[in-house]
Amino acid sequence: MIQIELQVLSPQETDIQTQLYNMRLSEMEQWMESLGQPKFRAKQVFTWLYKKRAISVSEMTDLPQALREHLQRSTVIRTMKEITRQVSKKDGTTKFLFQLRDGATVETVLMRHNYGNSVCVSTQVGCRMGCTFCASTLGGLIRNLTAGEIVEQIMAVQRMLDEEGARVSSVVLMGSGEPLENYEPSMRFVDIITNPYGLNIGARHITVSTSGLVPAIRRLADEKRQITLAISLHAPNDELRTSLMPINRAWNVEQLMDAARYYFAQTGRRISFEYALIGGVNDQLPQARELAELVKGLPCHINLIPVNYVPERNWKRSSKEDIRAFVDELNRLGVNATVRREMGSDIAAACGQLRAQKEGRV
Ligand code: SAH
C-alpha cells in the first residue's frame, strides 16, 4: 500500500509524519482513496501546494474540515530551515544553506540567466563518489535526501522568486550528491515538479548530472524521459579519469560512452558532457583531440568548466590561453563545446563549498 512507499523523514520520530512534497500526484490520489476521499482531492492539495504555495494545511479551505484536520495531524509541508542566504553582487546568483530535520545541511543555488531562472539542487547530504576535485565528497556520504526534501529546495527558491513575480524555469540535479545513486527519490522529484497540476516544469528543462553510474544511465534511458543527461567526464582516457574519479574503476570510459550512446538512442536527447579544466592535468591539446575522437558521431555538447580551486590538491584552473586553445581545438574538430560562464564567484557558490565552510572543513 501507498503508506509503506512513502518515506518516513526521520526514523527517530515516533510521530510519523508524511511530507506532502514527497508524493507524486498518482500517489496522493491513491492515498486520498485509502482515506475514503474522492480522487480529485489530490489535485486540490497539489494546487494548494504548488500553485498557491501553501505552507500550511489550514490554508486549504476547500477541503472538508475532517480531512484538513487529519492532514494537519499526519503530514508536514516544510521540514527544513534556511540558515544562510548569500547573494552575489556580480550576477545575483543566490546560494542557500538549508538545515534538514536531522540537523544535516544541504546547499541549493539559484542562477539567473537571460533565458530564465535555473535552480541547482542537492540530492544527497555529502557524497561518496570521491572525485578528487570536489568539495561535496570530502566528508563522505551522510544520507540520501527524500524526494520531498529535494522538492522543498525548489519551493523555497520559488517562494523567494514569487516576490519578484518570477518563476523557476529550469532545474539541474547538480548540487551535492550523486542523483543516480539516489535514483528513486530523484526521479520521484522529477515526476512531482513536472506535473501540470504542480510546478509544471518541462522535462526538457531538467538536467540530471552523473559521475557515470552506467547501469543507472541505462535504466534512465529505458524510461525514455525527455530530461537532459549530463555526464561528468573530465578526462578522455581511463588512466587520467581513474586518477580524478574513483568511479572510473567500476565503469570505465568505454562503458560510459556506450551508455551515453544508448541514452541518446533511447531518448533522442543530446548528451551534455562536463569537463573541468585543471591546469596542466587534463587541459592540453592532445587531450582535446582525444576527447574529440571519443565523442565522434554522438550528438552532444561539451561544457568546459574552469575548475574551482581545490586546496587539498593545489589544483588550479587552466590559464585563459589554455582554455581558449582547448575549446578552439574542439570546435575546429567539429565538436560542440563552450566554456561555462562562471557565476557567483564572490559567494563560494562552487560545489559543496558553503556546507564545507560551515562544517569547518575549508
Ligand atoms: N554527482 C553528480 C552531480 C554533482 S557534481 C556528478 O558528478 O555529475 C556537479 C558537477 O560539478 C560535476 O560535473 C562535478 O564533476 C563538478 N565539479 C565538482 N567539483 C568541481 C570543481 N572543483 N570545479 C569544477 N567542477 C566541479
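This is a predicted model: local features need pLDDT of at least 70, side-chain atom pairs count only at pLDDT 80 or more; totals for chains, interfaces and linings use all residues.
L25, M28, E29 and M32 in α2 touch R41, A42, K43, V45, F46 and L49 in α3. Sorted by class, the contact of α2 with α3 holds 7 nonpolar residues, 3 charged residues and no polar ones.

Next comes the geometry. Two packed helices are described by the angle between their axes and the distance between the axes.

| Helix pair | Residues | Angle | Axis distance |
|---|---|---|---|
| α2 and α3 | 25-34 and 40-51 | about 130° | 8 Å |
| α10 and α11 | 285-295 and 320-332 | about 30° | 9 Å |

The angle of about 30° makes α10 roughly parallel to α11. Helices α2 and α3 are therefore oblique to each other. The crossing of α2 and α3 is right-handed. Helix α10 passes α11 in a right-handed crossing too.

Which residues join α10 to α11? From α10 come L285, Q287, A288, R289, L291 and A292. From α11 come A325, F326, E329 and L330. The contact of α10 with α11 divides into 7 nonpolar, 1 polar and 2 charged residues.

Now the sheet. Strands of a sheet pair through backbone hydrogen bonds, either parallel or antiparallel. Here, 10 strands form an open sheet with mixed pairing. Their order is β3-β4-β5-β6-β9-β10-β11-β12-β13-β14. Which strands stand at the edges? They are β3 (81-87) and β14 (337-339). Each has a single partner strand, so one side of each is left without a neighbour in the sheet. From one strand to the next, the twist averages 20°.

Strand β13 (residues 300-306) pairs with β14 in the parallel sense, over 3 bridges. N303 stands opposite T338 in β14.

Helix α9 (residues 253-267) touches β11 (228-232) and β12 (271-277). The direction of α9 makes about 145° with that of β12. Helix α5 (residues 147-162) lies across β3, β4 (94-99), β5 (105-113), β6 (116-120) and β9 (168-173). Helix α5 runs at about 45° to β5.

Finally, the domains. The domain assignment gives domain 1 (18-76) and domain 2 (81-358). How far apart do the C-alpha centres of domain 1 and domain 2 lie? They lie 33 Å apart. The contact takes 17 residues from domain 1 and 21 residues from domain 2.

Terms used
Residues are numbered from 1 along each chain as its sequence is written. Side-chain values use heavy atoms; hydrogens and water are left out. Axes are lines fitted to C-alpha atoms, for helices over the stretch in contact, and angles run from 0 to 180 degrees between N-to-C directions. Helices (H or I, at least four residues) and strands (E, at least two) are DSSP runs, numbered from the N terminus. Angles under 35 degrees count as roughly parallel, over 145 as roughly antiparallel, 65 to 115 as roughly perpendicular and the rest as oblique. A crossing is left-handed if the near helix is turned anticlockwise from the far one by less than a right angle, and right-handed if clockwise. Contact means heavy atoms within 4.5 Å. Ala, Val, Leu, Ile, Met, Phe, Trp, Tyr, Cys and Pro count as nonpolar, Asp, Glu, Lys and Arg as charged, and the others, Gly among them, as polar. Two strands pair if DSSP finds at least two bridges between them. Domain bounds come from an automatic or database domain assignment.
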